[in-house]
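I set aside some time for this structure and kept notes as I went. Here they are, in the order I looked things up.

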Amino acid sequence: MTEAILLVGGKGTRLRPLTVYTPKPMVRAAGVPFLTHQLARARAAGVEHIVLATSYLAEVFEPYFGDGSAMGLSIEYVTEEEPLGTGGAIRNAASRLRSGPDDPVLVFNGDILTGLDIRALVATHASTGADVTLHLTKVSDPRAYGLVPTDGTGRVLAFLEKPGTPEEIVTDQINAGAYVFRRSVIDTVPAGRPVSVERETFPELLASGAHLQGMVDSTYWLDLGTPAAFVRGSADLVLGRAPSPAVPGRCGDRLILPTATVAGDAKLAGGTVVGEGAFVAEGARIFGSAILPGAVIEPGAVITDSLIGTEARVGTRSVLTGTVIGDGAVIGPDNELRTGIRIWPHTHIPASAVRFSSDQ
Ligand code: GDD
Ligand code: MG
């Protein structure tokens, strides 16, 4: 049996001062909680048993995913009292693993949307006999990630988490947040205290001569750690650029969920999703955005690359570009909201209150 640990906890997730999504793994991307895509992709790759490692609000996951049988999975939940870090979370979740000491165990960061060939990662692990195999991807600016230089055979030479100086930027290959561990390697991680797999476990394994193997794969890859990335990821799922068996409908320019209402002359494109019970009025134009369930978009509103929270309302003729509108917030008519703005849940912005252009 192939099994996996999915990391969905941590300080960042709890403290991230946001708005429409707490906790983020349950925010809908292309119509279903984001986590569904990762679970479905793992299942499609032959994973049968998943341990969800969380450090906060575990009770939001279990009522939705239950024992996993609806997805053909067996899911268990492990909650840390205090966040144990990535390595500590993996160690803590290992108590639920069923694998033998030499078996491969998959580990996934819970905020990654990717087309990774999971079977190929496991096959690389088996054929190289590595202790840990890492999915690597190339990015133009690697500073926010773990840098992973490799030799000509793909063997990992170093692991440099979030390098602080230009000299440390030795490669554009980064840790893409999916690993295969030999089970017995997980058992060497210290238990009962916070451990960072990136800052502690990987460097120590390398120093002790362990074999860490990298598999560079240039498929679709996105860390959904910012609202802008989350919106992009949702749109790419709808468009079919990010492959997931869990998209509830055919991929295309738009996805309109059952019970949503969209006026005939409203224009939806660029991977826009309109959630259950949402309403899009006549003349609205929405591009590359996620309209969460029950939201109302009034006539003539223009929304681009934005996340509109559950039961939020966007007023007539308002123009929103790159925004995050919290659940239940009301944006009155004739506002202009631009990139980076986050409107807190249930806030009311009066008519014509925020503008960048003149009134004329
Ligand atoms: N259970 C649990 N407990 N999960 C945790 C904890 C914890 O204490 N800390 C972090 N996680 C989970 C997060 O929920 C997320 O799914 C994943 O581990 C990675 O944590 P992030 O906080 O998102 O890390 P990052 O994005 O800055 O960096 C990581 O991902 C990059 C790729 O996106 C690192 O693994 C980098 O090396 C990597 O390049
Ligand atoms: Mg992340």
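Which residues does Gly110 touch, not counting residues up to four places away in sequence? I found Leu6, Leu7, Val8, Phe34, Leu35 and Gln38, where contact means heavy atoms within 4.5 Å.

A note on ground rules: this is a predicted model, in which local features need pLDDT of at least 70, side-chain atom pairs count only at pLDDT 80 or more, and totals for chains, interfaces and linings use all residues. Residues are numbered from 1 along each chain as its sequence is written, chains are lettered from A and ligands numbered from 1 in the order in which they are written, and side-chain values use heavy atoms, with hydrogens and water left out.

**Gly110.** I placed Gly110 in the loop between β6 and β7; strands are DSSP runs of E with at least two residues, helices are runs of H or I with at least four, and both are numbered from the N terminus. Gly110 is buried, at a relative accessible area of 8%. Buried here means under 20%, exposed over 50%, and partly exposed in between, with a 1.4 Å probe and protein chains only.

**Magnesium.** Next I looked up ligand 2, a magnesium ion coordinated by Asp111 (OD) and Asp223 (OD) at 2.0 to 2.5 Å. Donors are N, O and S atoms within 2.8 Å of the metal (3.2 Å for Na, K and Ca), and water is not among the atoms, so the site may look incomplete. Asp111 sits in the loop between β6 (104–109) and β7 (112–114), while Asp223 is in strand β13 (residues 221–223), 112 residues apart. Both are partly exposed: Asp111 at 22% and Asp223 at 23%.

**Ligand 1.** I then turned to ligand 1, which has 26 residues around it, the closest being Gly9, Glu161, Asn175, Glu198 and Asp223; a residue counts if one of its heavy atoms lies within 4 Å. Asp111 turns up again, with a side-chain N or O atom 2.7 Å from an oxygen atom of ligand 1. For Lys162 the corresponding side-chain distance is 2.8 Å. The protein buries 87% of the 740 Å² that ligand 1 exposes when taken alone, by the Shrake-Rupley method with a 1.4 Å probe. Helix α4 gives the most to the shell, with three residues.

How values were computed. A polar contact is a pair of N or O atoms within 3.5 Å; within protein, one must be able to donate a hydrogen and the other to accept it, and residues adjacent in sequence count only if both atoms are side-chain atoms.
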